[in-house]
Amino acid sequence: MDASVNKGTKPVRSVGKALPHDSAHLHVTGTASYTDDLPEPRGLLHLAVGMSRKPHAKVVGIDLTRVLDSPGVVDVCLASDIPGQNNYGAIVADDPVFADGLVQYVGQPVFVVAATSVDDARKAVRKVTIEYEELEAILDPLTAVEKRSFVLPSETLVRGDPETALENSPHRVQRRVWLGGQDQFYLEGHIAMAIPQEDGALLVYSSTQHPDEVQSMVAHATARPAKDIVVICRRMGGAFGGKESQAALIAVIAAIAAGKTGQPCKLRLDRDDDMIMTGKRHDFVIDYDAGFDDTGRILGINFEFASRCGMSADLSGPVNDRTMFHCDNAYYLENVRIVSHRCKTNTVSNTAFRGFGGPQGMFAIEYIIEDIAEALGKDPFDIRRRNFYGKNERNVTQYQQTVDDNIIDEIFDKLAADSDYEKRRAEIRKFNAGNKILRRGISMTPVKFGISFTNTLLNQAGALVHVYKDGTVQLNHGGTEMGQGLYIKVAQVVADEFQIGVDRIRIMAADTSKVPNASATAASSGSDMNGKAAQIAAAKIRARMTEYAARHFAVSEAEVEFVAGWVRAGENSLEFAELVRLAWADRVSLSATGFYKTPKINYDRKTFSGRPFFYFAYGAAVTEVIVDRLTGEHRLLRVDILHDCGDSLNPAVDLGQVEGGYVQGVGWLTTEELWWNDAGELGTHSPSTYKIPTCSDLAPDFRVELMQRAANREDTIYRSKAVGEPPLMLSLSAFHAIRDAIVADGGPSPDLHAPATPEAVLRAISGSTDE
């Protein structure tokens with residue numbers, strides 16, 4: 001075509017556009033395929049898990065006679081049927097697939113039934129008779145600390161001289177506060193389908209954030225090499241960390257049953273079993289002693305964190321490490337001691353959840369800030385500003401990382417002005433003076449959240465990109481899609497690299513046979529790492545096409561330009577697809593892998609020092625609530641959020657993540673209560689007893705803005721920032737707004753524990769300390 005037709009055409013950009021989620025049209029039409037929607041192969045068996053009914057006991061005997069005699073039952077599997085390792089713990093090998101002589105929590109898998117239908121399997125599994133010899137059970141973190149029951153050794157991080165600083169402080173506050181856990185409550189429960197392949201191989205469809213780990217655990221349990229296991233996940237119906245490590249258990253059980261029966265097997269947990277059997281956000285008991293001066297500046301702190309880890313280590317090591325890293329939030333702590341107890345309890349092993357321990361640490365420091373403000377009679381806003389990290393001084397964390405990208409002052413000041421914080425606070429004080437029953441409260445809290453896996457080796461990603469002869473593209477990478485919009489973001493990156501539309505790209509499922517050894521889609525690093533890996537792969541192909549075009553048209557490579565679906569080569573131009581065809585005909589490779597490893601990070605866990613995070617993401621929120629002091633009920637009235645996404649890859653997706661993260665955090669801190677009875681049984685294991693936020697719980701005035709002109713200072717993909725986890729901690733403003741509303745006139749600061757359910761609020765108002 002005549003080159004003049006395309007003269008002056010500017011490059012198109014998909015990156016930065018508010019494009020819809022790649023599966024949005026499938027979601028709303030009900031045609032998006034999840035694992036349970038896949039065609040069921042001939043001879044498929046359905047599985048149901050027989051679980052322990054005791055929190056800690058020896059298994060004296062198991063009678064499966066009535067189970068095996070039940071209609072539709074084909075077989076059962078126990079620990080003795082596992083050909084390889086009876087373990088699915090990836091970090092510490094202390095997580096048995098099936099209990100073998102000892103049960104350690106109510107809900108622990110003991111055996112699995114394979115039957116011809118779901119109903120037959122679930123009916124049969126209830127007919128088992130298990131004889132137990134009960135042992136002493138530890139059911140809470142404080143008892144675990146008292147009895148020195150830990151899944152991992154306690155850790156201590158010290159900076160400066162906190163003891164001397166506390167002794168010399170003009171003021172001190174001490175408190176013990178309880179912070180509850182949270183169930184991930186993904187819409188799609190845990191599920192896996194294992195299908196025997198020829199020559200002993202296994203194909204596993206798994207709803208997992210970490211296909212590579214599922215592959216490894218299935219291989220170990222079935223005594224197969226990794227090359228014989230393929231794990232595929234196109235999408236999940238939510239995960240929030242709950243499918244990072246725990247999905248391996250479900251997949252391993254399905255694989256063991258498939259191996260024993262020689263038939264395809266599918267395990268889909270119902271909601272009750274899912275909540276009883278699988279791990280949640282760690283709940284904590286937090287003790288602190290903080291010293292400060294007359295201006296509210298923190299001089300020294302002693303923190304002691306005791307977290308309920310459950311019966312095994314799972315991911316509790318790195319989760320609790322991140323609590324230690326984030327108990328500063330956005331504040332410089334010159335003298336601090338942090339003690340972290342990783343408590344072994346006879347409850348389900350807790351696991352990853354959005355924020356991964358960071359929210360619990362940030363909860364603690366924000367409580368201290370509020371206590372300081374109350375003690376001095378000052379606005380917590382001023383105390384926060386007084387203690388923020390500095391730009392060129394007071395800018396090193398307790399783990400010795402320099403905070404060199406600090407924009408919290410700018411965010412805080414802008415949001416305070418945009419939200420009319422000062423004016424509204426005064427109006428609320430006036431309102432409360434005339435109302436003893438309905439009281440309003442307001443709080444403004446910051447977020448500073450480190451981005452990267454703290455285990456440095458996990459900060460790597462791979463991608464595989466194919467360009468076909470018709471100019472269309474197939475995109476593979478190691479990230480998984482759980483509704484967060486990772487796939488569309490990476491597709492936008494590849495589209496811009498080739499200068500084609502996103503509609504020319506087919507996004508493929510995460511597949512261990514396509515991209516091996518991938519890290520979990522976690523730590524808010526999915527777009528950072530997979531976006532870079534895919535960009536590198538696409539750039540390789542583009543470079544080959546550029547070299548070919550320069551040779552074909554006898555121009556320099558500098559004269560070859562990809563723009564808006566076209567390629568210019570000097571005075572010549574042709575469509576992208578036409579150049580692809582010509583390059584293929586010249587035997588140019590149109591397929592490439594890409595690999596990325598996060599730069600600059602280093603971390604020595606032995607000393608808790610280094611640079612574990614590539615950068616920090618920032619944000620702030622103002623929440624206003626109203627509380628009924630007679631019933632303890634509350635309502636959100638208004639929310640203002642300003643969040644830092646760097647140069648957003650997709651503002652629509654990022655806004656959704658900010659909104660959703662805040663609301664999920666509000667659920668954690670206000671309504672989502674996990675409750676175990678004295679027998680170690682979880683009593684809140686369904687929507688009837690466990691309350692997640694609904695649309696009616698949203699503030700009628702909900703304002704969210706992304707920080708503009710705030711490109712990431714680090715060389716991330718298009719200078720964007722992670723947005724998966726940081727927004728959840730914006731919800732701390734909701735908790736402290738409730739606390740602000742119930743502070744008695746001139747009285748002491750209330751002992752409000754989280755979640756701030758109506759019962760918790762009433763206890764705080766009355767001064768009751770019962771837990």
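Is Phe388 buried or exposed? Phe388 is buried, with a relative accessible area of 5%, where buried means under 20% relative accessible area, exposed over 50% and partly exposed in between, for a 1.4 Å probe and protein chains only.

The model is a predicted one, in which local features need pLDDT of at least 70 and side-chain atom pairs count only at pLDDT 80 or more, while totals for chains, interfaces and linings use all residues. Residues are numbered from 1 along each chain as its sequence is written, and side-chain values use heavy atoms, with hydrogens and water left out.

Rings of Phe, Tyr and Trp (for Trp the six-membered ring) pair if their centres lie within 6.5 Å, and planes under 30 degrees apart count as stacked, over 60 as edge-to-face and the rest as tilted. By this rule there are 21 aromatic pairs. One of them is the stacked pair of Phe381 and Phe412, at 5.2 Å centre to centre with 15 degrees between the planes. This pair links distant parts of the chain, 31 residues apart, with Phe381 in helix α11 (residues 380-387) and Phe412 in helix α12 (residues 408-418); helices are DSSP runs of H or I with at least four residues, numbered from the N terminus. Phe381 counts as buried at 14% relative accessibility, and Phe412 is buried at 0%.

The rings of Phe388 and Phe412 have their centres 5.0 Å apart and their planes at 85 degrees, so this pair is edge-to-face. Because Phe388 lies in the loop between α11 and α12 and Phe412 in helix α12, the pair ties together parts that are 24 residues apart in sequence.

Elsewhere, ring pairs link Phe325, Tyr399, Tyr603, Phe608, Phe613 and Phe616 into a cluster.

How values were computed
Helices (H or I, at least four residues) and strands (E, at least two) are DSSP runs, numbered from the N terminus.
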